[in-house]
Amino acid sequence: MSQTPSLFDPEPAEPGPDAARSGTVIPLAERLRPRTLADVVGQAHLLGPGKPLRLAFDTRRLHSMILWGPPGVGKTTLARLIAKQFDAHFIAISAVLAGVKEIREAVLQAEAARANGRPTLVFVDEVHRFNKSQQDAFLPHVESGLFTFIGATTENPSFEVNSALLSRATVYVLQSLSGEELQALAERGLAASGGLRIEPDALALLAAHADGDARRLFNAVEAVAAAAQGSARDTIDLALLEAALTESLRRYDKGGDQFYDVISALHKSVRGSDPDAALYWMARMLDGGVDPLYIGRRLIRMASEDIGLADPRALGHTLDAVAAFERLGSPEGELALVQAVLYLAIAPKSNAVYRAAGEARRFVREHGTAPVPMHLRNAPTKLMKQIGASEGYRYAHDEAGAFAAGERYFPEGLPEARLYRPTDRGQEARIAERMAELQRLNRQARAAASAEEPAHRESGAKPPTPRT
């Protein structure tokens, strides 16, 4: 059976002295990859005493799992440690390069290992890149127990992993490394790079540069260490660090989960009336290269969904901001979007418009397509008039206060549902007062009409004809 080195990794092994003598350059991140659970930095919520993955290690309970988290937080490392803990044959597949053929080869390897009495662990990096048929290829072998499956993904497995495979694996959520954890790793890396020292402010900046990613941190440590050694310095200060590190964008995946998470954070900060947090998340989006017009479209949605008629000017302000950006472009036009997000954040909040839209859709689904009452129908032709279209319609502008008190506009037989319920905030407080007054006038007019109708029936007279 042929092996494909680019797709299948060998058994986990520590780099030995032969690698150094042969001139092979081993990246710092690989040299410092944890060899035992005690070496792991971070993920205490999974690896601390009594926590889920720690229990799996301690009780030797090998099971299939999905490791979900951002880059550089230890997904591959954990898979290798699990294989080592259970003395399992380790097969690593990259979903970027592999296909069903490589999965079949992994199955053959697992069968050979089982024949020798050894379990197999199949690790699939970036499992979200496998299509449905490729993911399905794992199912019968996971169910039969031929191998244990571990998938690593930076994307939400609820959307990217087949439900059948997802139901057979436990999902563990890994977190970005904290600043303190990254600083500890940086010092470990500098110690392995000739025992270099680093000043506290430079160490904090180095950790911030890594943005939660240990692999990125070690790459930066290598670059800084090379710069220090090149200038014959044994201490790294802020000036040396800034000179050694090229400026780069903060981690921001414009097509993945983080993209939608940051959008969600922006929307919720606006809804929560926190202008500072809203500005922070908006800056994160712009810094990550998001199209400002996309942000503008989201702000327009917020103006209706979370403010609505509590401040009807919010929608106009936001539309003006988007128009200003379209005219000015970046970076000048971004200030208009900043103005809009601040306005939305401090405006009085109401989701009454949003709720009313949902209630209206629900009401229509529940009651179906009722016919339009005759008095509300248009009568553009003689025939339409002959069949009674528009007959009895009361033209509101001809009545007191431009309001036809007592008139009904819902289809006959349907309850007059209260779909829009204004809040007591902002402009909607006055709208609520106006609606209450109109409802009072309706009740009064209808009560009067109900009292008049029996009298007209007894006298044989027709009730008054409404104005049209």
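Predicted model: local features only at pLDDT ≥ 70, side-chain atom pairs only at ≥ 80, totals over all residues.

Colleague: At what angle do α17 and α19 pack?

Modeller: About 20°, with the axes 10 Å apart. Helix α17 covers residues 292–307 and helix α19 covers 334–346.

Colleague: Parallel or antiparallel, then, for α17 and α19?

Modeller: Angles under 35 degrees count as roughly parallel, so α17 and α19 are roughly parallel to each other. The crossing of α17 past α19 is left-handed.

Colleague: Which residues make that contact?

Modeller: From α17, they are P292, G296, L299, M302, A303 and I307. From α19, they are E334, L337, A340, V341 and L344. By class, that contact has 9 nonpolar, 1 polar and 1 charged residues.

Colleague: Where does α18 come in? How do its axis and that of α19 cross?

Modeller: Helix α18 spans residues 313–328. Its axis and the α19 axis cross at roughly 165° and come within 8 Å. Over 145 degrees counts as roughly antiparallel, so that is how α18 and α19 run relative to each other. Here too the crossing is left-handed, with α18 passing α19.

Colleague: Which α18 residues touch α19?

Modeller: R313, A314, H317, T318, A321, V322, A324 and F325. The α19 side brings E334, A336, L337, A340, Y343 and L344. The α18 and α19 contact residues split into 10 nonpolar, 2 polar and 2 charged.

Colleague: And what about α17 against α18?

Modeller: Their axes cross at roughly 175° and come within 9 Å. So α17 and α18 are roughly antiparallel to each other. On α17 the contact uses P292, L293, G296, L299, I300, A303, S304 and I307. On α18 it uses A314, L315, T318, L319, V322, F325 and E326. That makes 11 nonpolar, 3 polar and 1 charged.

Colleague: Switching to the backbone. Which residues does the cis peptide bond join?

Modeller: S330 and P331, with omega about 0°. P331 sits in the loop between α18 and α19.

Colleague: Which residue has a positive phi without being a glycine?

Modeller: D87, at about 50°. You'll find D87 in the loop between α5 (75–85) and β2 (89–94).

Colleague: Why flag those at all?

Modeller: Because most residues other than glycine have a negative phi, and most peptide bonds are trans.

Colleague: What lines the largest cavity?

Modeller: L53, A56, F57, R61, H63, M65, I82 and F86.

Colleague: Which helix gives the most to that lining?

Modeller: Helix α4, residues 52–59, with 3 residues.

Colleague: How does the lining divide by class?

Modeller: It has 6 nonpolar residues, 1 polar and 1 charged.

Colleague: Good. Give me the helix trio again in one line.

Modeller: α17 and α19 are roughly parallel, while α18 is roughly antiparallel to α19 and to α17.

How values were computed: Residues numbered from 1 in each chain as written. Heavy atoms only, no water. Axes fitted to C-alpha atoms, helices over the stretch in contact; angles between N-to-C directions. Helix = DSSP H or I, 4+ residues; strand = E, 2+ residues; numbered from the N terminus. Parallel < 35°, antiparallel > 145°, perpendicular 65-115°, else oblique. Left-handed = near helix turned anticlockwise from the far one by under 90°. Contact = heavy atoms within 4.5 Å. Nonpolar A, V, L, I, M, F, W, Y, C, P; charged D, E, K, R; others polar. 1 Å grid on protein atoms, 1.4 Å probe; cavity = no way out; pocket = protein on both sides within 12 Å on 5 of 7 lines; lining within 4 Å.
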